[in-house]
Amino acid sequence: MGLYESLASIRKTGRAAATTLTTWPTALDAAGIHEEGQRSDYSRSAQFIRDRDTVPYLGVRVLAPPAMQPHLLAGLAFANRTDDLADAGNSELARARLADWLAQSRRGVSDDSCPYPIVRAFVNSVTVRGLDPSWMRTFLDAAEQEPDFAGFADEADFGQYVDRYTWPLLMCSAGLQYQGGPSDEAARIWRAYAEFAQRLDILNDLRADLTDGRLCLPADALTLHSVDRADLEQGRDTRNVRALLQDMCTRTRTVLKEARTVLEVCDPGQLIATRLLLLLQERQLEDINRSGPRILRRPVGFHPPTMVRAMLGTLRT
């Protein structure tokens, strides 16, 4: 049974009565998005996230309040599309595409003079939800430098990256759940979650990053455990490599303790979705830890039965 069929089965049995799964036109209406062009822009944004990453799409569509769904998906689409372009490499074409995206985004307009539906939808959501535009500007400035990324020297270097890139990226989506934007305290707590998510992504993306010529583990950690880049690129299963990966999982798990406090500051309508996301990510970290050096050969994904069980668990708590 596929994921969508599994969710449909849950709803038919009444076990997911607390979910907010509704038709997309109804969600657009609830969000006050009535103009034909804007509805198309938000629909394009939602489709982009659905095609790119099923997990956050379902989290929003099944568990978020209908009136919030278009805005959250617009934020996710903008953040992820910008990130994709920033990670596309150093070719002349890739840099040109990124430069045009950044220029259009910095204009901050939601009308047809901007050629990108995802940008138009996001800019409109920033206005409607009252998110501080400085989150977008900071993120765009950091994205401009991303093609020149050369890795992290140490933990301090990594922390600066989270501050200037990962945290603003996250707030471009998570920040939209708050009408008027997040409080300073809420934003600070989301910074902890941003660090946790970044560490988790680095671990799970090791194979893909190495294939693309990127190594995102701090250089001093490799030195500490007497591991060199070739050990990782060749997927060697050695005591030192295992110790390095165990250390990285431990650091990620340590940050997770503070990241969990986002459940205390998220909008009530986002509580179940945020709880589900954290549960899935905790399980992913456990799987990565158990995988050891196998994570150097293939990432750990989410299986549909696991997602459905996790969703049911969040609905029962």
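How far apart are the axes of helix α5 and helix α9, and at what angle do they cross? The legends below take up this pair before turning to other close-up views of the predicted model.

**View 1. Packing of helix α5 against helix α9 in the predicted model.** The axes of α5 (residues 69-86) and α9 (residues 155-174) come within 7 Å and cross at roughly 150°. An angle over 145° counts as roughly antiparallel, and α5 and α9 are therefore roughly antiparallel to each other. On the α5 side, the residues that meet α9 are Leu72, Gly75, Leu76, Phe78, Ala79, Asp83 and Ala86. Their counterparts in α9 are Tyr165, Leu169, Cys172 and Ser173. Sorted by class, this contact comprises eight nonpolar, two polar and one charged residues.

**View 2. Packing of helix α6 against helix α8.** Helix α6 (residues 92-107) and helix α8 (residues 134-145) pack at an angle of about 165°, and their axes lie 11 Å apart. This angle makes α6 roughly antiparallel to α8. The crossing of α6 past α8 is left-handed. From α6, Leu98, Leu102, Ser105 and Arg106 take part in the contact, while α8 contributes Met136, Leu140, Asp141, Ala143 and Glu144. Five nonpolar, one polar and three charged residues make up the contact of α6 with α8.

**View 3. Two buried cysteines, Cys114 and Cys216.** Cys114 has a relative accessible area of 0% and is buried. Cys216 is likewise buried, with a relative accessible area of 7%. A disulfide is a covalent bond between the sulfur atoms of two cysteines. The structure contains zero disulfides.

Methods
Residues are numbered from 1 along each chain as its sequence is written. This is a predicted model: local features need pLDDT of at least 70, side-chain atom pairs count only at pLDDT 80 or more; totals for chains, interfaces and linings use all residues. Side-chain values use heavy atoms; hydrogens and water are left out. A disulfide is a pair of cysteine sulfur atoms within 2.5 Å. Buried means under 20% relative accessible area, exposed over 50%, partly exposed in between (1.4 Å probe, protein chains only). Axes are lines fitted to C-alpha atoms, for helices over the stretch in contact, and angles run from 0 to 180 degrees between N-to-C directions. Helices (H or I, at least four residues) and strands (E, at least two) are DSSP runs, numbered from the N terminus. Angles under 35 degrees count as roughly parallel, over 145 as roughly antiparallel, 65 to 115 as roughly perpendicular and the rest as oblique. A crossing is left-handed if the near helix is turned anticlockwise from the far one by less than a right angle, and right-handed if clockwise. Contact means heavy atoms within 4.5 Å. Ala, Val, Leu, Ile, Met, Phe, Trp, Tyr, Cys and Pro count as nonpolar, Asp, Glu, Lys and Arg as charged, and the others, Gly among them, as polar.
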